[in-house]
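Reader: I'd like to go through the charged pairs in this one. Can you take me through them?

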Amino acid sequence: MYARIISTGKYLPKKILTNSELEKIVDTSDEWILSRTGIESRHIAADDEFTSHLAEKAANIALKTAGLNSNDIDLVVVGTCTPDRMFPNVACLIQERMGIKGPAFSLEAACSGFVYALTVADQFICAGKAKRALVIGAETMSRLIDWTDRETCVLFGDGAGAVILEASEEPGLIFSDLGADGQHRKLLYTDTGLSNMRSSVDGDLKMKGNEVFKVAVRTLEQMVDKVLKDNQLEQGDIDWLVPHQANLRIISATAKRLGLPMERVVVTVNKHGNTSAASIPMALDTAVKDGRIKNGDLILLEAFGGGFTWGSCLLKF
Ligand code: ACO
């Protein structure tokens with residue numbers, strides 16, 4: 001038994017924040033942002049738009065694209081580190097609004113949230129505990145940003161991406177590998193919590209970008225080597241790399257390790273910035289809808305994020 005992605009969807013908030021607009025907020029420049037990250041603009045949620053609203057819109061598109069209705073879904077898993085509230089979790093909020101039955105939960109693995117969520121949903125399906133899962137990555141990172149900190153506020157954006165994962169006799173998700181290492185927790189973190197009594201979210205994201213960059217590149221290279229080795233693949237065998245969209249330089253380094261030209265890498269970081277758990281499903285949807293990714297293609301999803309957490313999923317589309 002396999003689990004196959006049968007449809008995708010994404011939703012981006014209407015408001016676009018460009019680099020030149022950021023120049024008016026902090027001491028930065030379009031040239032600096034573009035050359036260091038590849039980012040040109042990002043989308044920002046409206047004040048009354050929460051993570052669950054973005055997630056619900058992406059989910060409805062994925063459902064409609066698959067020609068299904070809410071009765072056909074029996075599991076909802078959401079990757080997010082910016083939930084509307086502590087509980088009900090984002091998956092339950094969506095489940096109620098969409099009229100879906102079955103288990104619904106969110107998990108938090110920062111930028112690796114979608115790869116973690118997809119892997120967990122795959123386990124449910126392969127164990128016969130679900131037939132069709134709605135798997136979502138959704139974030140309102142703008143709510144965590146210190147808009148006076150030029151080192152982080154230029155990097156992030158909001159959005160949501162969703163897939164429908166269905167039980168199948170044909171290969172779909174063929175390999176996944178998750179990892180984590182809490183020892184670098186001080187390089188990328190927030191203080192906001194409940195049991196630590198720190199409830200002020202505004203401006204809470206802190207990152208030593210330069211050091212995160214080095215660990216990210218090293219970890220992703222090791223991850224890619226393991227994907228190739230464990231699946232007896234050669235460099236260049238993968239049709240499409242759909243990476244977490246944090247930084248174009250990190251993406252290029254991973255593509256090089258895979259022996260892939262940039263034409264076979266899906267890049268959306270220029271228009272979306274780093275949308276954490278939402279970035280991979282949104283990039284996947286972009287390349288599926290514009291016709292680049294086709295049925296039967298071999299695709300590698302890979303992510304690295306706060307925790308640190310990381311993960312890869314190899315799948316036949
Ligand atoms: N505009 C202008 N100058 C800036 C800006 C800015 N927005 N931000 C920093 N600078 C300055 C710095 O102050 C520094 O100046 P100095 O040399 O006078 O001290 C200089 O630019 C270089 O700063 P670095 O931090 O060394 O720049 P770097 O080339 O490393 O790029 C970046 C920074 C883009 C953050 C990069 O390190 C990066 O992408 N890191 C990884 C991010 C990531 O992958 N995060 C993981 C996922 S996030 C999650 O899980 C939620």
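Reader: Is lysine 226 buried, partly exposed or exposed, and what is its relative accessible area?

Author: Quick caveat: this is a predicted model, where local features need pLDDT of at least 70, side-chain atom pairs count only at pLDDT 80 or more, and totals for chains, interfaces and linings use all residues. Residues are numbered from 1 along each chain as its sequence is written, and side-chain values use heavy atoms, leaving out hydrogens and water. Buried means under 20% relative accessible area, exposed over 50%, and partly exposed in between (1.4 Å probe, protein chains only). Lysine 226 is partly exposed, at 36%.

Reader: Which residue in strand 8 does lysine 226 pair with?

Author: Helices (H or I, at least four residues) and strands (E, at least two) are DSSP runs, numbered from the N terminus. Lysine 226 sits in helix 7 (residues 209-230), so its pairing with strand 8 (residues 173-180) ties together parts 49 residues apart in sequence. The contact is a salt bridge at 3.7 Å, N to O, meaning a side-chain nitrogen of Lys or Arg within 4 Å of a carboxyl oxygen of Asp or Glu. The partner is buried, with a relative accessible area of 17%, and it's aspartate 177.

Reader: How far apart are the closest N and O atoms of aspartate 230 and lysine 226?

Author: These two are four residues apart in helix 7, so about one helical turn separates them. Aspartate 230 is partly exposed at 35%. Their salt bridge has its closest N and O atoms at 3.1 Å.

Reader: And which residue forms a salt bridge with glutamate 40?

Author: Glutamate 40 is in the loop between helix 2 (30-37) and strand 3 (41-44), and its partner is 231 residues apart, in helix 9 (residues 269-272). The N to O distance is 2.8 Å, and the partner is lysine 271.
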